[in-house]
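Biologist: Before we begin, may I ask that we examine the coordinates together and reason from them step by step?

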Amino acid sequence: MDGMHDLGGKQGFGPIDVNETEVPFHADWEGRMWAIAQCGRGRDGWTIDWWRHCRELIDPVDYLARPYFDSWMQAYTATYIDSGAFSLEEIINAKSDQPPIEPPAAIDTRQVLKDVQSQATRFDRPLAQTPQFQIGDRIITNQLTTSHHTRLPAYARGKPGIIYAYHGAHIFADACAQGSERPDHIYSVVFEARDLWPEAQQKNDRVFLDLWESYLESA
Amino acid sequence: MPSFDPDTVSEIHQHLHSHLPSESALRVKALETVLVEKGLVNSQTIDAWVEAYSEEVGPKRGALIVAKAWSDPAFKASLLGDAVSTIDQLGYLGKATAHLKVVENTPEVHNLVVCTLCSCYPFSILGMAPNWYKTAAYRSRAVRDPRGVLQEFGVEVEDDIEIRVWDSTAELRYMVLPERPANTDGLSEEALAALVTRNSMIGTDRNLQANV
């Protein structure tokens, strides 16, 4: 999707606030939104990439202007409504239109720390087909992608790169966002900054992206 | 079940844009209330999650990993070769680190981590990401103007040092292993960990200092 979220290399955003106070949460509601995301139920069939896509679909003005965890609220709310967990009217009224249902039993911080460990979700899957590329191979990335979710950013489309590392086969994000689990070989690909940016012709800097084989052609 | 249909979700977003209150705190409160009433979340459990990420899961974990790598060459080799099982031995494997890679700074190379497409971050070892990491300014510029970004953070990188920017486009996550500061011989792991800044593990800090 050619959305506002695809920010790599876009210009005009100005300086970075480097003097931010180093605290985990800057307001109570940020912490509560993060926590809801970690422990809320009612997400049968959701995938991480479908959720990312729902966040990308936020109105571009809201995406840029509203606070970060506010966009999580809107992405979770939209994804829940889409799944039928509650309705638009219920969230607008901030009230369920049904009698309350007993929530899951409370857990304490010690149990939370175990749950954090159990969130080490693996995305690698077996794949019989042998990888097409080897370390050092020259590739070119696809120019045309998809109007749905993809993890090939605009700034790295149609660009030459070199296979830097191979990581086995992982669930392919583009398919995962549409509810299907299809493994594809994944590589770290290195791009020369001078191949990406007009002003970087004299630089030796490099940009590394983790890209699925479906994004790549032999060069 | 989800529709997996972008048009459906775009339409929901338009309604939310028009009808939700403007204030973020009220929005999140509404979501929590509805989820509690639907039996999908427990508010005390939310309290416990906030506490865990405020007190336990944070960059001090990453700092200890760095200090161990500075102190023990075998640990460092293991960390660079297989970060996942190495942090698992410390009990730090978890949220977003099942495919962790550690990249090493050297006198010739500086590493910088970003997620241009969203805000991917190795939560179980660094805790909550700083706000700046999630802003359009950082996400847009880190891949294009890394030296300018570093300058804003007060880090000068000489022209002959190669900058490697890692854009977290898949489920691999990256942590930078900064260089050990000079004049730290004989310091304990705990004392070394206290010298490690969060930003140095993202790559927006480079020249760590010994306490004087």
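Biologist: How far apart are the end C-alpha atoms of helix H4 of chain A, and what span should its residues cover?

Modeller: This is a predicted model. Helix H4(A) covers residues 68-83, which makes 16 residues. At 1.5 Å a residue they should span 22 Å, which agrees with the distance between the end C-alpha atoms, 23 Å.

Biologist: How many residues of H4(A) are buried?

Modeller: Buried here means under 20% relative accessible area. H4(A) is largely enclosed by the rest of the structure, because the number of its 16 residues that are buried is 16.

Biologist: Which residues touch the most other members of the largest nonpolar core, and which element gives the most to it?

Modeller: The largest nonpolar core has 130 residues, of which A:Ile91, B:Leu31 and B:Tyr138 touch the most other members. The element that gives the most to this core, with nine residues, is H4(A).

Biologist: Leaving aside neighbours within four places in sequence, which residue of chain A is in contact with B:Tyr138?

Modeller: Contacts of B:Tyr138 in chain B include B:Leu112, B:Val113, B:Val114, B:Trp132 and B:Ile202. From chain A, the list holds A:Ile16.

Biologist: In what order do the seven strands of the open sheet lie, and which are the edge strands?

Modeller: The order is S5(A)-S1(A)-S2(A)-S3(A)-S4(A)-S3(B)-S2(B), with mixed pairing. The twist averages 35° from one strand to the next. Each edge strand pairs on one side only, and these strands are S5 (216-218) of chain A and S2 (109-114) of chain B.

Biologist: How many bridges join S4 of chain A to S3 of chain B, and do these strands run parallel or antiparallel?

Modeller: Strand S4 (residues 206-212) of chain A and strand S3 (residues 162-167) of chain B are joined by four bridges. A:Arg206 stands opposite B:Arg164 in S3(B). The direction of the two strands is parallel.

Biologist: How many helices and strands does chain A have, and what percentage of its residues count as buried?

Modeller: The secondary structure of chain A comes to eight helices and five strands. From the N terminus on, its elements run α-α-α-α-α-α-β-β-α-β-α-β-β. Of the 219 residues of chain A, the share that counts as buried is 53%.

Technical notes. Residues are numbered from 1 along each chain as its sequence is written. Chains are lettered from A and ligands numbered from 1 in the order in which they are written. This is a predicted model: local features need pLDDT of at least 70, side-chain atom pairs count only at pLDDT 80 or more; totals for chains, interfaces and linings use all residues. Side-chain values use heavy atoms; hydrogens and water are left out. The expected span of a helix is 1.5 Å times one less than its number of residues. Buried means under 20% relative accessible area, exposed over 50%, partly exposed in between (1.4 Å probe, protein chains only). A nonpolar core is a set of buried Ala, Val, Leu, Ile, Met, Phe, Trp, Tyr and Cys residues joined through side-chain atoms within 4.5 Å. Contact means heavy atoms within 4.5 Å. Two strands pair if DSSP finds at least two bridges between them. Axes are lines fitted to C-alpha atoms, for helices over the stretch in contact, and angles run from 0 to 180 degrees between N-to-C directions.
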